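Open the structure in your viewer and keep the selection tool handy.

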Amino acid sequence: MLRRGRATIYRRLQSLRFLAGRDRHAVLAFLRASRAAGRPWRSDLRLLARFVRITNHVRAYHTQAEMLTVAQAILSRTGTPGLTVVECGVGKGASTAKLSLVTARAGGRLVVFDSFRGMPPNEERHEALDGRPMVFRRGAFHGRLREVQRTVAAFGAPQVVEYRKGWFADTLPRFAAPVDVVLLDVDLLASTRTCLAHLAPRLRPGGVIFTQDGHLRAVAALLTDPAFWRDEVGVAPPRVPGAGREKFLALAFE
């Protein structure tokens, strides 16, 4: 029976062409975690199909493997009273739509922070882990609020999403709720500092913060700086496996 179930899953994956992509290992790991947690695997396959549909229709700045890692963290907290997921930096809304589907399934709410005007004015100059210089110009990666809302309405679960429009320095200080899972894709060092300073202290026990900006040397250095966590954030430094080597990082707090 177990072998037959695995064969069914494999055939379904092939029919949906998940295994043809670079994220096939992440997909299989997600389904294994689904089985271990007792989640209906058909529901997870439908979720995966919707993820692929979003990627095919909306410009995305992430991989499916990254989003599945975040999805697993959210789903593992299904039924948590007041479950709150936070996303900072949404681009065109592809990640927001995916996160909304997962958050709705877990019974939580998704709070989205973005200027919806693109990157703020800045003079930051970055170096990627591979040595490439990087500059994030004003207005880059912009997605208008209505554009993102239309994307979520078309592909996601808009009923669980709250939008906080404005610069992080203006909106995050007014956010007072405990949080469980956070996804950052903010690029700038100043934005990373602001998000962590306001969100890390609100993280509930067992919560996790993900960042897609680990490919920037300055961000990796900040994440591994004990003085930053002690003096600016006021929490014990987290474990950051892969810092200085990987783009997508999970910050594990004790």
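For the colouring at our first stop, Ala, Val, Leu, Ile, Met, Phe, Trp, Tyr, Cys and Pro count as nonpolar, Asp, Glu, Lys and Arg as charged, and the others, Gly among them, as polar. The model is predicted, so local features need pLDDT of at least 70 and side-chain atom pairs 80 or more, while totals for chains, interfaces and linings use all residues. Residues are numbered from 1 along each chain as its sequence is written, and side-chain values use heavy atoms, leaving out hydrogens and water.

**Stop one: the largest pocket**

Select Met119, Phe168, Asp185, Val186 and Asp187, which lie nearest the centre of the largest pocket among its 37 lining residues. Coloured by class, the lining shows 17 nonpolar, 13 polar and seven charged residues. Now pick out helix H8 (189-199), which gives the most to this lining, with three residues.

(On a 1 Å grid over the protein atoms alone, a pocket is an open set of points where a 1.4 Å probe fits, with protein on both sides within 12 Å along at least five of seven lines; lining residues have an atom within 4 Å of a point. Helices are DSSP runs of H or I, at least four residues, and strands are runs of E, at least two.)

**Stop two: serine 115**

Next, select serine 115, in the loop between strand S2 (109-114) and strand S3 (126-127). Its side chain reaches the backbone nitrogen of arginine 117 at 3.0 Å, and a polar atom of that side chain lies 2.8 Å from the backbone oxygen of glycine 118. Finally, show leucine 145: it is 30 residues from serine 115 in sequence and 8.5 Å away in space, C-alpha to C-alpha.

How values were computed:
Polar contact = N/O pair within 3.5 Å; in protein donor to acceptor, adjacent residues only side chain to side chain.
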